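Please read the following report alongside the sequence and the 3D view, looking up each residue as it is named.

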2 protein chains.
Amino acid sequence: MASAQNNKMQLNHLFPIISCLRNYNKQDLNGDIFAGIITAILLIPQGIAYAMLAGLPAQVGLYASIFPAAIYALLGSSRTLSVGPVSIAAIMIASALSAPEVIAFGSPVENAIILAAEGGLILLLMALLRMGGLVNFISHPVLTGFTSGAAILIILSQISHLFGVAQIQCTIDFACYNNAFQLINTYTLGLGFISLFILIFFGSPLTTLLKYLKVKQTLITAISKSAPLLVIIVSTALVTMYQLSELQSVAIVGAIQSGLPDISFSFISNFEQWKALLPSASFIAIIAYVESVAIAKVTANLRNQTINPNQELVALGTANLASAFSGGMSVAGGFSRTMVNYSAGARTQISMLIAVALLCIAVSFFTDQFTLIPKAALAAVILVAITPLIKLKGIITTWKYDKADGMAEVVTLIGVLVLGIEEGIAFGVLITILCYLRRTSHPHIAVVGRIRHSEHFRNIKRHQVETWNNLLLIRIDENISFANISYILNFIEEESFNNTELKHVVLIFSSVSHIDRTAFEALENLIHSLKSKSISLNLAEVKGPVMDKLQQTDFFKHLTPGKVFFQTIEAVEQLKNK
Amino acid sequence: MASAQNNKMQLNHLFPIISCLRNYNKQDLNGDIFAGIITAILLIPQGIAYAMLAGLPAQVGLYASIFPAAIYALLGSSRTLSVGPVSIAAIMIASALSAPEVIAFGSPVENAIILAAEGGLILLLMALLRMGGLVNFISHPVLTGFTSGAAILIILSQISHLFGVAQIQCTIDFACYNNAFQLINTYTLGLGFISLFILIFFGSPLTTLLKYLKVKQTLITAISKSAPLLVIIVSTALVTMYQLSELQSVAIVGAIQSGLPDISFSFISNFEQWKALLPSASFIAIIAYVESVAIAKVTANLRNQTINPNQELVALGTANLASAFSGGMSVAGGFSRTMVNYSAGARTQISMLIAVALLCIAVSFFTDQFTLIPKAALAAVILVAITPLIKLKGIITTWKYDKADGMAEVVTLIGVLVLGIEEGIAFGVLITILCYLRRTSHPHIAVVGRIRHSEHFRNIKRHQVETWNNLLLIRIDENISFANISYILNFIEEESFNNTELKHVVLIFSSVSHIDRTAFEALENLIHSLKSKSISLNLAEVKGPVMDKLQQTDFFKHLTPGKVFFQTIEAVEQLKNK
């Protein structure tokens, strides 16, 4: 029995969806069905558009929206995260596929599939090693800077599709304008602007209007979120009616392979190819994971649910592997889709399973209709989805709050734009770690004194406190390590240098939880150098773990006649008259 | 007048020797003269031996003992540090000079001079940028592991000289023994063992004997420290008397260029050559600086003097430049020489100036006598000087105290032996920083309660304390940053998860001196997620700098109805019944 119970718990742990369904009721189902339909409506244009963004055929994006989404629905710990192709991963894939050493190997599709497979394996390996914590080193400013930078790159990449120009190459003297205008396809541009107009109008203007007309909220959501599909339908209808593709050479999506994806393992072939793609795959996987968890946490917090970071590694890893096996590109949780799914009323991942079922039908029967979708309409869909990700104002807020963080954000943003996506992230992470080390090497230390008639000790620079000439009370506000011990010793030396009356130094260790070996040896030297000046070193408020460690050594033998006091006040009472 | 005063102060600052000489008396002079003679006696064999160790002609080591030592005497902030060629730098130079891309450029001497020049410039640049603190990132365990590893490499490199074998190449089945025995030069081996015997006997055995015979301490010092010179004299005499070099092919130093070094700038030539040597030059300069300051601090502490780290950058940088200009190798403070200088009674750098003067005489008139010095005797001098630097026992002590530091020490040691000197250091520094980041991502956090009838709050796991069901008091013992915020949030979530009575969470910030942007945003999210469960977040004991930062933002607006309490006790009094 106990074992059966155990197995059941393990099953629940591995498939979080099981516990979601325990109290599943009709109301939940209604919410999930509605949300599933709305999300499916968004998934089709996004799947095609993000495949185009990555420089891949449309079906690669559609396939990535089927199996991976289903797998995540079963394994993921978020109830509303919508996993599939996402814009940021798509631009990273585009960048990886355009590297000369990658082009040398096989087709872009094959390379994209390997990227997904490798990314999946990397996430599963991280899950195995419980390395989810590693991603904490991508700080929030770096992530924001990166997202803004990538969004700008995406927009720049879509402008040519929107204007119907093959490529805009500008010189510094704006000579491009002349050429660009000559190259613009007016029909494409017209379709692009119609699409943009619909998308923008269906956003806040229409929502406000419908609210004003007291339309039901669910209906408003349904209408406003179907804008991308409407754009696709209208623009495709225009292309079909006026034969814009044949007569005016408006760029269209073109033939899409019909039917469900085949499961294939043919990509497990070339070791050199896997090796060449490994760095990009790692970056894509880590960013996919970080963004997905961040999005999942947003919606989970709103409903008081929790996200299990390690389970997310398993779910996203498996989803990426599933994408590779079914001929799809790298996947992650998409911000706009997830918010749509959530606000359309999704209660559980059943909504995503419904969306997947609808997508299967579309891929099986309607791919012919997708052929004539103009690329300009897709570019408009991408532009509108991506623009809110550019958060330049945030840089100023961050900068005002913390110069180092602001710098990291700016460096990452510029790095992504100038050096490249992966280089930008790497640079940002490096800057963050260096600033962090620099900060910890200048720890906060305060000379403290007693607030009269109390047992409290505070910084003499900030409070009116009582002090004694023969006593120097120093509170060290950080763990003591190789990184900051020199600074601390210099501080003590400077504070004690010109005080001829000084007899006792008391280090208050209330904030010290760890002393590393370098610092330990330096403290022993400090004891002896103070002794030679007839000054005793004393400790106060030493924490349990630190005390345990020091007791393992002969530190206290060196410390004598200095003592360890439980409270700072005891140190003062005993030493002030000695 | 004020300006003259100012100029004088600046001069004193630039030339610390000036203030040393202000109260210089006859007793000081006596000490300095005696110590100068003893140090000079050591400088000659060491100069020749360390040049040999670096794979350079003897005069390169001797030249490095003249101008650089004099320059340091004028600029250095240590009164007793003896600057010149040192063993660790010598083995690093040997390693740098043997790299294929370096051999391609000019002669070893020319490359060694460039290494010294670049090292000097790097140290001066670091002085200019006040980057002395950078070297703190070479933690003590890394430095010890590195020194032990380098010392083992040095000993291995000297064994062939001691045995008179060109090179010992062993296979795994110990086939080398047969070959090696055939290749051994018995005369060389004999000289080597006589030298080793004298050096070891003049160490602790003779000192103990002389002490027992109540010989004066200064005389004991003089006798025991002259062992290296005696070894050189005896072994050279044996070589001369029995014509060991000609008849038995015992390896000798060979012709040494006579006279004082010429000042030359001819090495400032090839940019590519400078570039190829730059990485090694940086490593040598940084290690030279770190070791020199460590040694200088040891002797300064013993006499209550202070070392100015930035002035040391200036002094050692200029000394290395001076070495390059006068045809010498990279220099640093030598441990054995400095201890000899100190214990022979040196009071100021005048002793080193006297040693330099004696060395000038030796180089001008006695180089012919140096020619016949057998290399085996020099190898013995190096072996005896270097063996105490191998501190394998220290690894166990370090390991017991702190696993991470112990690992860093072992990795550096093995890295130096297996991968190479520079790679070993780089690896050790990397491990240290990674372990450091890992540790700070698991900060010490404690749920605290009140020690009855007091205002003190302590960890509920370590003390008998009073707690309240509606109150969760959490003390965070570290700065909050991107590196540890996830851990902190998880901790709070776990602690509050099953407590249905919980109404207020109080974060005690007594140890928090900084909250970075990532952590700040996460705390804002925490406030809202707790609010949705009708739990208020409160802060207590917030420090001045943190308060200042938070006040710049709208944090406190979000925090409401949560409050900021000056004391934890106030939070408890106000919240426990709410």
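## A report on the two chains

A:Ile48 has its place in helix H3, residues 26–53, of chain A. The model in which this residue is seen is a predicted one. Because 27 C-beta neighbours lie inside 10 Å of A:Ile48, and 20 or more are needed for the term, this residue counts as buried. If residues up to four places away in sequence are not counted, A:Ile48 touches A:Ala58, A:Gly61, A:Leu62, A:Val253, A:Phe370, A:Ile373 and A:Leu378. A:Val60 stands twelve residues from A:Ile48 in sequence, and the C-alpha atoms of A:Ile48 and A:Val60 are 8.0 Å apart in space.

**Chain A as a whole**

Chain A holds 29 helices and eight strands. Of its 578 residues, 48% are buried. Among the contacts in chain A with a separation of 6 or more, 81% are between residues 24 or more positions apart.

**An enclosed helix**

Is helix H5 of chain A, residues 67–75, largely enclosed or largely open? Eight of its nine residues are buried, so helix H5 of chain A is largely enclosed by the rest of the structure. The buried residues of H5(A) are A:Phe67, A:Pro68, A:Ala69, A:Ala70, A:Ile71, A:Tyr72, A:Ala73 and A:Leu75. Their cover includes helix H2 (16–20), strand S1 (83–84), helix H17 (309–325) and helix H19 (350–365) of chain A.

**Two helices packed together**

Two packed helices are described by the angle between their axes and the distance between the axes. For helix H6 (residues 87–97) and helix H16 (residues 271–302) of chain A, the angle is about 175° and the axes are 10 Å apart. Angles over 145 degrees count as roughly antiparallel, and H6(A) and H16(A) are therefore roughly antiparallel to each other. On the side of H6(A), the contact is made by A:Ile88, A:Ala89, A:Met92, A:Ile93 and A:Ala96, while H16(A) brings A:Leu277, A:Ser280, A:Phe283, A:Ile284, A:Ile287, A:Ala288 and A:Glu291. Sorted by class, the residues in the contact of H6(A) with H16(A) are ten nonpolar, one polar and one charged.

In soluble globular proteins, nonpolar side chains tend to be buried together. The largest nonpolar core in this model has 135 residues, and the members that touch the most others are B:Ile48 and B:Ile93. Helix H3 (residues 26–53) of chain B supplies the largest share of this core, with 13 residues. At least three residues of the core come from each of domain 1 (2–390) and domain 2 (393–439) of chain B. Another core, of 132 residues, lies apart from this one, and A:Tyr72, A:Ala285, A:Ala324 and A:Phe335 are among its members.

Which residues is B:Ile48 in contact with, leaving aside its neighbours within four places in sequence? B:Ile48 is in contact with B:Ala58, B:Gly61, B:Leu62, B:Val253, B:Phe370, B:Ile373 and B:Leu378.

**Where the chains meet**

The contact between the chains takes 47 residues from chain B and 48 residues from chain A. On the side of chain B that touches chain A, two or more residues are given by each of helix H9 (140–163), helix H22 (392–401), helix H24 (421–440), helix H26 (517–531) and helix H27 (544–551) of chain B. H26(B) gives the most to this side, with six residues. By class, the residues of the side of chain B that touches chain A are nine nonpolar, 25 polar and 13 charged.

**Backbone features in the loops**

A:Pro561 is in the loop between helix H28 (555–559) and strand S8 (564–565) of chain A, and B:Pro561 is in the loop between helix H28 (555–559) and strand S8 (564–565) of chain B. A:Gln243 belongs to the loop between helix H14 (227–241) and helix H15 (244–248) of chain A. A:Gln243 counts as exposed because it has 11 C-beta neighbours inside 10 Å, where the cut-off for exposed is 12 or fewer. B:Gln243 is found in the loop between helix H14 (227–241) and helix H15 (244–248) of chain B, and with 11 C-beta neighbours inside 10 Å B:Gln243 counts as exposed.

How values were computed: Residues numbered from 1 in each chain as written. Chains lettered and ligands numbered in written order. Predicted model: local features only at pLDDT ≥ 70, side-chain atom pairs only at ≥ 80, totals over all residues. Core = buried A, V, L, I, M, F, W, Y, C linked by C-beta atoms within 7 Å. Helix = DSSP H or I, 4+ residues; strand = E, 2+ residues; numbered from the N terminus. Domains from an automatic or database assignment. Contact = placed C-beta atoms within 7 Å. Nonpolar A, V, L, I, M, F, W, Y, C, P; charged D, E, K, R; others polar. Axes fitted to C-alpha atoms, helices over the stretch in contact; angles between N-to-C directions. Parallel < 35°, antiparallel > 145°, perpendicular 65-115°, else oblique.
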